[in-house]
Amino acid sequence: MDEAQNHLEIARDEIRQTYGRIASHVRRTPVISVNGAEFGLEPNPLILKLELLQHTGSFKARGAIANLLLRDIPKAGVVAASGGNHGVAVAFAAKKFNVPARIYVPTVASKTKMERIRSYGAELVVGGDRYADAHAESQKWAAQSGTMAIHAYDQRETLLGQGTVGLELEGQAPELDTLIIAVGGGGLIGGIAAWYEDKIRIVGVEPEKAPTLTRALEAGRPVDAEAGGIAADSLAPRRVGEMMFPLAKKYVERVLLVTDDEIRCAQQLLWKEMRIAAEPGGAAAFAALESNKYRPGKDERVGVLICGANTDAVDFAK
């Protein structure tokens with residue numbers, strides 16, 4: 001397969017085949033149908049895809065398992081760099097298939113995510129301020145050790161795995177007009193866009209302090225962007241993936257920016273009204289509605305992906 005094809009052509013049939021491989025190892029996460037008025041929003045039909053109920057607390061388990069099932073794993077095992085959720089997912093998948101794993105995370109990664117990585121038996125290495133720093137160290141280790149690198153978003157198998165979220169959702173909510181998705185490195189929105197193509201409106205959401213896809217679309221190619229904010233451990237990789245960018249350019253209608261305060265408000269509203277405990281990155285897509293950055297048209301049927309739950313914000317000990 002030539003490089004150009006590898007970067008763009010991810011066919012629906014490939015996503016369907018990938019789902020057939022990973023389906024017995026992942027959860028078919030539920031959807032909830034509500035009225036926007038329940039959240040103080042426009043009274044439109046609203047579908048919440050609760051991917052935060054996936055193994056490891058995020059959609060990342062799909063891509064991690066796809067990598068282990070679709071690629072040849074060396075005896076040395078696997079290595080990954082992560083702001084947190086991808087590392088948790090790779091550690092989980094590696095334990096499931098009895099594969100050695102080393103995970104590099106930056107200092108910005110949450111303690112909750114670090115603890116979960118360790119709990120699955122992976123070796124954890126903490127260093128550098130941001131995901132890009134951890135990624136650079138993981139690359140060095142892969143070259144030195146002979147381990148297989150599992151990229152968080154810029155890897156074909158990762159995109160195929162994340163695309164199965166779209167396959168599932170289309171079967172659960174075929175009536176959708178629009179789907180709102182948080183963007184970090186772009187593996188999730190890229191995979192889902194590859195599944196839906198132009199059948200529905202795809203809208204991305206990024207934190208103002210980590211506008212990776214926004215900057216890429218402005219420049220016409222992936223470029224470095226700011227990498228901070230409340231969701232820095234999940235939505236701040238510095239730049240989007242090369243493989244997802246053509247998919248986003250072709251199928252993502254627009255990308256909206258939300259503030260840290262708007263993400264916090266979305267977290268609070270999801271907890272107050274639905275008892276959904278989403279991490280900042282997991283609530284970012286919903287923040288676009290809560291803040292009125294995205295205003296649905298009359299009778300527009302909107303889906304929102306709630307994609308991550310690895311937070312310690314809800315402390316039941318208190």
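Which residues touch the most other members of the largest nonpolar core? In this predicted model, in which local features need pLDDT of at least 70, side-chain atom pairs count only at pLDDT 80 or more, and totals for chains, interfaces and linings use all residues, they are Ile180, Phe286 and Val304, within a core of 69 residues. Residues are numbered from 1 along each chain as its sequence is written, and side-chain values use heavy atoms, with hydrogens and water left out. A nonpolar core is here a set of buried Ala, Val, Leu, Ile, Met, Phe, Trp, Tyr and Cys residues joined through side-chain atoms within 4.5 Å. Buried denotes under 20% relative accessible area, exposed over 50%, and partly exposed the range in between (1.4 Å probe, protein chains only).

The overall form of the chain is described next. The secondary structure comprises twelve helices and ten strands, where helices (H or I, at least four residues) and strands (E, at least two) are DSSP runs numbered from the N terminus. The C-alpha atoms occupy a box of roughly 55 × 50 × 40 Å along the principal axes. Of the 318 residues, 59% count as buried. Among contacts (heavy atoms within 4.5 Å) with a separation of 6 or more, 71% join residues 24 or more positions apart.

The chain exposes about 12,800 Å², of which carbon and sulfur atoms supply 46%; accessible areas come from the Shrake-Rupley method with a 1.4 Å probe, and for residues only the protein chains shown count as cover. The 38 positive and 40 negative charges have mean positions 4 Å apart. In this count Lys and Arg are positive and Asp and Glu negative, while His and the chain ends are not counted; each charge is placed at NZ of Lys, CZ of Arg, CG of Asp or CD of Glu.

When residues up to four places away in sequence are not counted, valine 304 touches Leu46, Ile47, Leu48, Lys49, Leu179, Ile180, Ala285, Phe286 and Leu289. Leucine 46 belongs to strand S2 (residues 45-50) and, at 3% relative accessibility, counts as buried. Beyond its neighbours within four places in sequence, the contacts of leucine 46 include Ile32, Val34, Phe39, Phe286, Leu289, Val302 and Val304. Leucine 46 and leucine 176 are 130 residues apart in sequence, yet their C-alpha atoms are 9.0 Å apart in space. Alanine 266, in helix H11 (residues 260-274), is buried with a relative accessible area of 0%. With residues up to four places away left out, alanine 266 touches Ala283, Phe286, Ala287 and Glu290; its C-alpha atom is separated by 6.0 Å from that of alanine 283, 17 residues apart along the chain.

Helix H3 (residues 60-70) is mostly covered, with ten of its eleven residues buried. Those buried residues pack against helix H2 (12-22), S2, strand S3 (78-81), H4, strand S6 (148-149) and helix H7 (156-172). Within helix H4 (residues 85-96) stands valine 88, which is buried with a relative accessible area of 0%. Valine 88 is in contact with Thr56, Lys113, Arg116, Ile117 and Tyr120, its neighbours within four places in sequence being left aside. Between the C-alpha atoms of valine 88 and glutamate 273, 185 residues apart along the chain, the separation is 28 Å.

Helix H9 (residues 212-219) has Thr212, Leu213, Thr214 and Ala216 as its buried residues. The elements covering them include strand S8 (201-207), helix H10 (245-251) and strand S9 (252-258). Just after H9, glycine 220 adopts a positive phi of about 85°.

Positive phi values also occur at residues other than glycine. Threonine 56, in the loop between S2 and H3, has a positive phi of about 70° and counts as buried at 3% relative accessibility. Asparagine 98, in the loop between H4 and strand S4 (101-105), has a positive phi of about 60° and is exposed, with a relative accessible area of 71%.
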